[in-house]
Amino acid sequence: MNKNLKMRNSTIQDKICLIYNYGQHYRLGIFRLLNNEMGVHFYFGDKMDDVKKIDYSELSLFEKELKNIKIYGPIYWQSGAISTLFQPYKHYIILGEYLCLSTWLLALFAPLFGKKVYFWTHGWYGKESKIMKLFKKFFFKLGNQIFLYGERAKKLMINEGFDERRLHVIYNSLNYEEQLDTRSKLSPHREFYSKIFENDFSTIIFIGRLTKVKKLSWVIEAMRILNEKGIKVNFCIIGNGVEKSTLIEMVEGYHLKEQVRFLGAIYDEGLIAEYICNADVCVSPGNVGLTAMHAMVFGTPVITNDDFNNQMPEYEAVVEGETGGFFINNDIENLASKIEYWIGGHVDREITRKNCFNQIDSYFNPYYQLKVIENVIKTNS
């Protein structure tokens, strides 16, 4: 055990339990820090579509995999979660997902056992109906403290009457340590994509699951518009999903096959970094999510839409003109214009690269998350 771990654990005497819907591989960075630095014990759900599962051997305090049982539609129950109330945990960090019925019971009964609940959640989006507002208010008030992914959610919840002292923004992160190590070895060069596409066009990139909500068809439409203006750009797509065949058909229909590459899912971070850092800009027309984190940690700015009520909280990492930009939602002509701007020599690529690094290194990383979580639990011990 290292000195830092001893020092940290000496300040938190009570056992901490984390219950999550699934052990997503991309959350390894923060989960490993919670394991090593705070002695958190882990309980993960057993399935989540086609998302890669974390290697449990990476977490020495992993306790058990819970069975996610579908009740009706998106509503589910985590079998085995309630029994943790009889374990010697004082603090419960729980995914604040109101669709999980066992989470309701955990939060309701935890005070009877002298335990405290910390919801880790998106919180408020800004599009909630009156009924949903009442529902979510009741649910979130079951938690002692709330960890949020973004500042906007915090402001919205304060406007809804939540006590600001209970709301703590921790942002989001990926496997930061590995990415930093990979980033230190990168050397961007224009020849990377010229060899792949056999042309000297600028390259845009997307990384993530190919689903309808990502609206990647808009990128292909924008490419068609740009081609008609004599502005040609390459598009590199990393990821798989249900929309892949539809996108391939669009590419072929618009005669863009020579300008688009479907690379499928890639889990080699070194290879992913090469593709990202050598692209001019990442374009995620739908809700941007963790795509923004992945692009910026390797220095690539992000374009996404300006419908913040339907965005994911990671959009807050995008600072107009510095780490990317926003196009008018549903306006493909405007998206094409934004792409044209970011590939047209209007920005200094190296300055943008540093801006992206700084955004991730300052806020969107597991060390920042750990600091906030640790301070909140210390205060409530």
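How many nonpolar, polar and charged residues are there in the lining of the second largest pocket? The legend of Figure 1 gives the count by class. The model is predicted: local features need pLDDT of at least 70 and side-chain atom pairs count only at pLDDT 80 or more, while totals for chains, interfaces and linings use all residues. Residues are numbered from 1 along each chain as its sequence is written, and side-chain values use heavy atoms, with hydrogens and water left out.

**Figure 1. The second largest pocket and its lining.** The lining of this pocket has six nonpolar, five polar and five charged residues. Here Ala, Val, Leu, Ile, Met, Phe, Trp, Tyr, Cys and Pro count as nonpolar, Asp, Glu, Lys and Arg as charged, and the others, Gly among them, as polar. On a 1 Å grid over the protein atoms alone, a pocket is an open set of points with protein on both sides within 12 Å along at least five of seven lines, whereas a cavity is a set of points where a 1.4 Å probe fits but cannot get out; lining residues have an atom within 4 Å of a point. The second largest pocket holds about 230 Å³ of space, a volume being the space filled by probe spheres set on grid points joined across faces, edges and corners. Of its 16 lining residues, Arg190, Ala279, Asp280, Arg349 and Arg353 lie nearest the centre. Helix H12 (332-343) and helix H13 (349-362) each supply at least two lining residues, and H13 gives the largest share, three residues. Helices (H or I, at least four residues) and strands (E, at least two) are DSSP runs numbered from the N terminus.

**Figure 2. The largest cavity and Phe308 in its lining.** The structure holds two cavities of 30 Å³ or more, and about 90 Å³ of space lies in the largest. Its lining includes His122, Trp124, Tyr125, Arg152, Phe308 and Tyr315, and divides into seven nonpolar, two polar and two charged residues. Phe308 is found in the loop between strand E13 (302-305) and strand E14 (324-327). Leaving aside residues up to four places away in sequence, Phe308 touches Tyr125, Arg152, Tyr315 and Phe326, where contact means heavy atoms within 4.5 Å. Phe308 has a relative accessible area of 29% and is therefore partly exposed; buried means under 20%, exposed over 50% and partly exposed in between (1.4 Å probe, protein chains only).

**Figure 3. The second largest cavity.** About 30 Å³ of space lies in this cavity. Ser173, Leu174, Tyr176, Gln179, Met293, Val297, Ile360 and Phe364 form the lining. Helix H6 (176-184) and helix H11 (291-297) are the elements that give two or more residues to this lining. By class, the lining has six nonpolar, two polar and no charged residues.

**Figure 4. The contact of helices H8 and H9.** The axes of H8 (residues 217-228) and H9 (residues 244-253) come within 10 Å and cross at roughly 5°. The two helices are therefore roughly parallel to each other. Ser217, Ile220 and Glu221 of H8 make the contact with Leu247, Met250 and Val251 of H9. These residues divide into four nonpolar, one polar and one charged. Axes are lines fitted to C-alpha atoms, for helices over the stretch in contact, and angles run from 0 to 180 degrees between N-to-C directions. Angles under 35 degrees count as roughly parallel, over 145 as roughly antiparallel, 65 to 115 as roughly perpendicular and the rest as oblique.
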